[in-house]
Amino acid sequence: MQLVDIGANLTHESFRQDLDAVLARARAHGVTRMLVTGASRASSEQALALAHAHPGMLWATAGVHPHHALDYDEATHARLRELAGDRAVRAIGETGLDYYRNYAPRDAQHAAFERQLELAAELHLPLFLHQRDAHADFLAQLKRYRDRVPGAVVHCFTDTREALFDYLDLGCHIGITGWICDERRGTHLRELVREIPADRLMIETDAPYLLPRTVRPPPAHRRNEPMYLAHICAEIARDRGESVEVTAAHSTANAIAFFGLR
């Protein structure tokens, strides 16, 4: 059984001392390929460097998260375009809107999102998307570009049934994380995950965040890492009423096709 983690923040400082061990544990648990998330100009550069250091296992995205929207200037846009020209970069993002934290003003978020939508359309690259508490505005902005990009995945989906079907109607893929394992806030996903067509489902850890709360025993350090994707896959399979092998096969095939991981 082979798995693809479509969203791992391996540039995070918590991985600096033991990344080789983290990757070895991932392989031992069937996670053979990963997308390293770019969430700022600097982390996008670091994600690409990691992809170059681990060809065939790691690929990268290049983008600016809405939390960092105030940092999005012309120099950043030019650098993202340059990074995205590398074959190891497989999507534009993480980009989108976040009204939950509001770390950046909403007008700055919209502007940064717009520029990255333009870039994905220009370069004909898929989108790796973030949305939290901003569904209506996010959907309206995405709709204007959806037919100009080859694909879009709504990463770490945590929203409502209505939002899910809005994204599916736009031809988006859906990324499910260990949020589904959180009995405090993720129980609705156990029902909704059954509604995701097999050819639109992808899975991810969002490591080092969102350690699945159903992992037993929980690691003392509380850090999530790609090895736990196998646990997330098993939880999703149970909720979908199918075997782990079926969930793994579909999500892996979807990720390989979407990101062009050959």
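At what angle do helix α5 (residues 135-143) and helix α6 (residues 161-169) pack, and how far apart are their axes?

1. Helix packing. In this predicted model, helix α5 (residues 135-143) packs against helix α6 (residues 161-169) at an angle of about 5°, and their axes lie 11 Å apart. Because angles under 35 degrees count as roughly parallel, α5 and α6 are described as roughly parallel to each other. On the α5 side the contact is made by His135, Phe138 and Leu139, and on the α6 side by Ala163, Asp166 and Tyr167.

2. The nonpolar cores. The largest nonpolar core has 76 residues, and those with the most contacts inside it are Leu10, Leu127, Phe157, Tyr167, Ile174 and Ile176. Helix α4 (residues 106-123) supplies the largest share of this core, namely seven residues. Apart from this core lies another, of 13 residues, which includes Ile6, Met202, Ala255 and Leu261.

3. The surroundings of Ile176. When its neighbours within four places in sequence are left aside, Ile176 is in contact with Phe157, Val193, Ile196, Leu201, Met202, Ile203, Glu204, Ile232 and Ile236.

4. Cysteines. The count of disulfides comes to zero. For Cys172, the nearest cysteine sulfur is that of Cys156, 15 Å away, and because a disulfide requires sulfur atoms within 2.5 Å, Cys172 is in no disulfide. Cys172 counts as buried, at 0% relative accessibility. Cys233 is likewise in no disulfide, the nearest cysteine sulfur being that of Cys181 at 11 Å, and Cys233 also counts as buried, at 0% relative accessibility.

5. The structure holds 21 salt bridges, and in one of them the side chains of Arg25 and Glu225 meet at 2.8 Å, N to O. Arg25 lies in helix α1 (residues 19-28) and Glu225 in the loop between β8 (201-203) and α8 (229-240), so this pair ties together parts that are 200 residues apart in sequence.

6. Salt bridges within helices. Glu82 and Arg79 meet through their side chains in a salt bridge of 3.0 Å, N to O, and, being three residues apart in helix α3 (residues 74-84), they are separated by about one helical turn. Here Glu82 is exposed, with a relative accessible area of 53%, and Arg79 counts as partly exposed, at 23% relative accessibility. Glu235 forms a salt bridge with Arg238, with the closest N and O atoms 3.4 Å apart, and both residues lie in helix α8, three residues apart, which is about one turn of the helix. In that pair Glu235 counts as buried, at 10% relative accessibility, whereas Arg238 counts as exposed, at 54%.

7. A charged network. Salt bridges that share partners join Asp182, Glu183, Arg184, Arg185 and Arg213 into one network.

How values were computed. Residues are numbered from 1 along each chain as its sequence is written. This is a predicted model: local features need pLDDT of at least 70, side-chain atom pairs count only at pLDDT 80 or more; totals for chains, interfaces and linings use all residues. Side-chain values use heavy atoms; hydrogens and water are left out. A nonpolar core is a set of buried Ala, Val, Leu, Ile, Met, Phe, Trp, Tyr and Cys residues joined through side-chain atoms within 4.5 Å. Buried means under 20% relative accessible area, exposed over 50%, partly exposed in between (1.4 Å probe, protein chains only). Helices (H or I, at least four residues) and strands (E, at least two) are DSSP runs, numbered from the N terminus. Contact means heavy atoms within 4.5 Å. A salt bridge is a side-chain nitrogen of Lys or Arg within 4 Å of a carboxyl oxygen of Asp or Glu. Axes are lines fitted to C-alpha atoms, for helices over the stretch in contact, and angles run from 0 to 180 degrees between N-to-C directions. Angles under 35 degrees count as roughly parallel, over 145 as roughly antiparallel, 65 to 115 as roughly perpendicular and the rest as oblique.
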